[in-house]
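Keep the sequence at hand.

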Amino acid sequence: MSNIQWSASFGSSRDCPLVEGERQIQRIAPRLADVGGIPVARAVPSKQRRLIGAWCFLDHAGPADFAPGEPGMRVGPHPHIGLQTFTWMLEGEVLHRDSLGHQQVIRPGQVNLMTAGHGIAHTEESVPGQGRLHAAQLWIALPEADKDTPPRFDHYPRLPAWSQDGVDFTLLVGDYLSHKAPTLSFSPLLGMDLHSPRGAELSLPLRPEFEYGLFVLEGQLALGAENFAENELAYLGLHREQVTLTLAPGARVLLVGGEPLDEDIYIWWNFVGHSRDDIAQALADWNAGAERFGKVEGYKGEPLQAPELP
């Protein structure tokens with residue numbers, strides 16, 4: 001991030017307007033970036049949408065192919081506070097290391113969840129010999145009451161999965177119908193992957209007290225007369241009891257949602273805070289090499305340098 005992002009407006013901004021009795025959909029185009037040598041499409045945060053529930057960051061990494069001998073993704077030691085990092089792996093393998101001493105390879109169909117809380121540092125790098133990488137990497141803002149929770153790391157190799165109406169579902173976090181994911185969360189959330197090899201039309205029951213977004217990971221998604229291409233986000237807002245969607249053959253979409261987190265959230269670089277002072281203190285601690293973030297062992301490379309806080 002190059003500046004502070006502040007989720008300032010709540011209330012009506014959570015709603016999509018009604019036009020002739022139909023609730024509209026907000027279309028959000030991604031910004032393109034590079035993370036650790038991998039092209040990413042970033043949909044959240046943006047000027048149009050800072051949060052979806054407690055989801056405060058959504059990157060689509062890849063798909064990226066590497067020639068033999070290329071290192072793939074390499075992200076050096078860097079800190080986090082006030083959030084959970086959430087990785088949903090689709091292709092390839094990535095090694096996570098953190099300052100608590102965890103070393104964990106994440107493979108397709110698995111989730112890595114790191115709860116930063118008061119502070120943690122970690123690295124990510126492609127496993128040697130992997131020629132492709134494709135993942136969704138998200139952040140979840142911790143509520144203010146939990147912002148200083150002790151850091152931890154959780155790996156979820158098995159998640160609830162089922163098929164219905166031509167769609168393969170994987171529940172990543174939260175509850176949906178009769179399914180419940182084991183994934184740790186600090187606020188009411190939903191994350192679910194929908195993949196349709198042959199294409200499908202279906203209606204998804206929703207909770208009207210949740211706000212939702214649908215992000216296209218692969219292929220095309222249609223919501224009524226509106227079509228959404230790869231890397232576009234369809235923000236559905238609150239007050240919906242269901243949504244009808246059409247998935248093109250081979251399409252994959254990520255459904256994210258949750259109860260609105262009606263708290264001021266600041267994002268600066270790799271930090272999430274509830275005030276500017278939270279960010280400034282974390283930045284000073286990282287630059288001073290404070291014990292707060294610890295040290296990542298085993299990674300060959302220098303820590304990332306934090307940008308100045310204006």
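Which residue takes a positive phi just after helix 1? In this predicted model, G289 does, with a phi of about 65°.

Now step back into the helix itself. Helix 1 covers residues 276-287. Its twelve residues should span 16 Å at 1.5 Å a residue, and the end C-alpha atoms are 17 Å apart, which agrees. D278, I279, A282, L283, D285 and W286 are buried in helix 1. These residues cover an arc of only 165° around the axis, so they sit on the same side of the helix. An α-helix has 3.6 residues a turn, so residues three or four places apart point the same way. On the other side of helix 1, D277 and N287 are exposed. The cover over the buried residues includes strand 8 (74-80), strand 13 (120-126), strand 27 (266-268) and strand 28 (271-273).

Next, the cores. The largest nonpolar core has 41 residues. W55, C56, F86, W88, L138, L254 and V272 touch the most other members. Strand 14 (residues 132-141) gives the most to this core, with five residues. Apart from this core lies another, of 29 residues, with L190, M192, F210 and L247 among them.

Four strands form an open sheet in the order 20-25-22-23, with antiparallel pairing. Strand 20 (200-205) and strand 23 (226-228) stand at the edges with a single partner strand each, so one side of each has no neighbour in the sheet. Neighbouring strands here are turned by 30° against each other on average, direction ignored. Strand 22 (residues 221-223) and strand 25 (residues 242-247) pair over two bridges. There, A222 stands opposite T246 in strand 25.

Terms used: Residues are numbered from 1 along each chain as its sequence is written. This is a predicted model: local features need pLDDT of at least 70, side-chain atom pairs count only at pLDDT 80 or more; totals for chains, interfaces and linings use all residues. Side-chain values use heavy atoms; hydrogens and water are left out. A nonpolar core is a set of buried Ala, Val, Leu, Ile, Met, Phe, Trp, Tyr and Cys residues joined through side-chain atoms within 4.5 Å. Buried means under 20% relative accessible area, exposed over 50%, partly exposed in between (1.4 Å probe, protein chains only). Two strands pair if DSSP finds at least two bridges between them. Axes are lines fitted to C-alpha atoms, for helices over the stretch in contact, and angles run from 0 to 180 degrees between N-to-C directions. The expected span of a helix is 1.5 Å times one less than its number of residues. The arc is that of the directions from the helix axis to the C-beta atoms. Contact means heavy atoms within 4.5 Å.
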